[in-house]
Amino acid sequence: MSEVLALKYRPSTFDKLIGQDSVTQTLTAALDQNRLSHAYLFSGLRGSGKTSTARIFSKCMVCDKGPTSKPCEVCENCKMANENRHMDIIEMDAASSRKIDDIRALIEQTKYKPNTARFKIFIIDEVHMLTKEAFNALLKTLEEPPEYVKFILATTDPLKLPATILSRTQHFRFKKISKRDIINHLSHILNLEGIEYEPEALEMLARSGEGSLRDTLTLLDQAIIYSKGFIDAKSVANMIGLLDPQVINEIFEAILKKDRDKIVSFIKDLENYESEIVIDELISYLKERFFEGDVRFSTLLAERFFRILSEAKNLLFLNADSGFVLSLVFFKMLEATNLKTIDEIITSLEKNTSLQKTQTPPSSQPQKSEQKHIQPSLPLSEETKESDCKELFKKLVASLYDRNYEVGECFEKRVKFVDFKDKELILMSCADEQCKKTLRHASSIIKFLVKDIFGIDTSIKAIPCDKSEELIKEEEKHANENSSSMIEDVESSSSNSCIASHMPSKELNGQDILENPFVKKAKDLFSPTKIIIRQKV
C-alpha cells in the first residue's frame, strides 16, 4: 500500500529534521546534559516540524539508553515510539478535546506512574484551542507536575495562549523553512523514488508551499500524479495555476521593449488566472533576476517595478476589479521604463548648458547693460560704489518701515550711513533714550535685514554721534518741523511800544525757552499738547 510522502519521509531523529537547527541544537544539548524541563512549548508555522520534533524528543527521553540525543532505535521503547503505540507517550488533540472535562481526565492520568518508561509524556497539539476554563484547570499541574511527567505543547498561534501558560514553559519558536532547504529535500525524495524532474518545477513547488514542508510534500504528491512520472515546470504551473516561467520572461521582454500590442495580448490571456497569483509570480521573477545580476533590471528600475506591483496588491485587497488592476500594472510598468535616472538627467543638463554656451552670440553693449540690471547686488564686494551702498541703505530703511513703522521712523531719523567696507556696515547713531530703547528691541530684525540686503556675512558697527555740522543742521531742521506743531509764533509788540525800548535787541528764540529746566519740568508734570510763548509786557 502506497503512503503519502509527508508520512513516508517523516523524520525520526534530530539529524533528519529540516531547517530547525537552533531548536535541535538546544534540545540535543538538554538531553546530553540531562537538563530537562517539566514543560515545553513548540510554536511556529504549520508543517515546520513541531509535532515531529515532539515525538523525536519523547523517544529520546524514554529510550533505554537515555535520556540521549541519539536513541538506540532497537529497544522496545524506541520501537513503540516509532510506531506511535507507546503507552507512556500520550498525544492529545486540543482542537477536538478542548473542554475542562478533557483536561481533568488528563490530570487524572498524571497521578499514575509510567508503565515501562522512565517518563510519562503528554503531547498536546494545537493547545491554543483549549477553553479558558481548561487552561485554568491545567495551570497547577503544568507548574508542578510529578517528577516523572513531562508536557510538550504545540501551537501555530502562541499569541492566543494565556501569559500564565507561557511563563510555565520553555518556549521554542520554529522558523519558516527556507526555500533552498525545501528544494534540496524534494530533490532527495525524488531521487529515492526514482522520479525525474526539472529544477524549475521544484522551485515553483517550494514557492507555493510558503515555507511549510508538509504543504510542499502534499503538492509534490499531486505533481507526481499529474505529470505522469516526469515533473516539469509547465505541468506544475498548470496544476497549481501559476504562470509558466517562460511566459513571465516574455511579459518582461515586452515591457522592456515597449511592445504595447503584445502587452495587450498578454492581458487578455491572463484573464483566466487569479490576479494576486500573477502579481506574486511577477515579484518572484523580478527578485530572482535582480539577485542574479540581470543587466536588464537596474536597481532603480527594479525598485520602480516592485513599487508598482506592491501597490497593485493593496488595490486587490480593496476588492477592486482584479482584471483592471492587472492592466494598470502592465501599463504603469511600461511608463516606468521611460523615466530617466539621476545620472542621465545630470548628463542631459550638462550637455544643454554646454550647447547654450557655444551657441550664445557675442554680447553687445545693450545686452551688457541689461545683464547689469538683472544681476543681484549680493554679495557686495569691496569695490562697490558709495552711491550703491546708500541705495541699499535706503532699501534697508524701507524694509524696516514695512516690518514696523515706529522702528523705521526712529532708524531713519537717528541712524546715518557712514561706510561699508570689508563686509562691515558702519552706522552712526544719534538716538535719544526712547529711540535707543525702540532700536534695542528691534535689534534682531535689523540684523536679519542687514544680512539679507548687504550679505549674509555682513556685520554691523555702530559709532557714536559726532554732532557734525551737517547732522546738526538736519537735527535742527527736524526739531523745527516738530516744534512747529507745538509752538506758536512768538507775539511781539511793535517797535513803538514802550516796552520795546527796554527789550534786548537779540531776537527771541523759542527753542531756547523750551530747553529751560523749569519749562521741561512743567512739560513733564502737565504733558501739554500745545505751548504758547508770549513776551511779557
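Hi everyone, let's start with His86, which is buried at a relative accessible area of 6%; buried means under 20%, exposed over 50%, and partly exposed in between (1.4 Å probe, protein chains only). This is a predicted model, so local features need pLDDT of at least 70 and side-chain atom pairs pLDDT 80 or more, while totals for chains, interfaces and linings use all residues. Residues are numbered from 1 along each chain as its sequence is written, and side-chain values use heavy atoms, without hydrogens or water.

Where does His86 lie? You will find His86 in the loop between helix H4 (76–82) and strand E2 (89–93). Helices (H or I, at least four residues) and strands (E, at least two) are DSSP runs, numbered from the N terminus. Setting aside residues up to four places away in sequence, His86 touches Val62, Asn77, Met80, Ala81, Thr116 and Ala117, where contact means heavy atoms within 4.5 Å.

Now let's step back to the whole protein chain. It has 25 helices and 10 strands. Of its 537 residues, 38% count as buried. If you take the contacts between residues at least 6 apart in sequence, 72% of them join residues at least 24 apart.

Next comes helix H16, which covers residues 322–336. Which of its residues are buried? In H16, they are Val325, Leu326, Ser327, Val329, Phe330, Met333, Leu334 and Ala336. These buried residues pack against helix H12 (245–256), helix H13 (260–269), helix H14 (275–291) and helix H15 (299–317).

Leu326 counts as buried because its relative accessibility is 3%. Apart from neighbours within four places in sequence, Leu326 is in contact with Leu270, Ser275, Val278 and Ile279. Take Ile279 from that list: Leu326 and Ile279 are 47 residues apart in sequence, yet their C-alpha atoms are 8.0 Å apart in space. Phe324 also lies in H16, but Phe324 counts as exposed because its relative accessibility is 51%.

Now for the charged pairs. Side chains of opposite charge can pair when their charged atoms come close. How many salt bridges does a search of the whole structure find? The search finds 24, a salt bridge being a side-chain nitrogen of Lys or Arg within 4 Å of a carboxyl oxygen of Asp or Glu.

Let's visit three of these pairs. Glu144 forms a salt bridge with Lys140, and their closest N and O atoms are 3.8 Å apart. Glu144 is exposed at 54% relative accessibility, and Lys140 is exposed at 53%.

In the next pair, Lys313 and Asp280 form a salt bridge with their closest N and O atoms 2.8 Å apart. This pair links distant parts of the chain, with Lys313 in helix H15 and Asp280 in helix H14, 33 residues apart. Lys313 is partly exposed at 22% relative accessibility, and Asp280 is partly exposed at 31%.

Finally, the side chains of Lys423 and Asp457 meet in a salt bridge at 3.5 Å, N to O. Here too, distant parts of the chain are linked: Lys423 is in the loop between E8 and E9, and Asp457 is in the loop between helix H22 (443–454) and strand E10 (459–464), 34 residues apart. Lys423 is partly exposed, with a relative accessible area of 45%. Salt bridges with shared partners also join Lys179, Arg207, Glu281 and Glu288 into one network.
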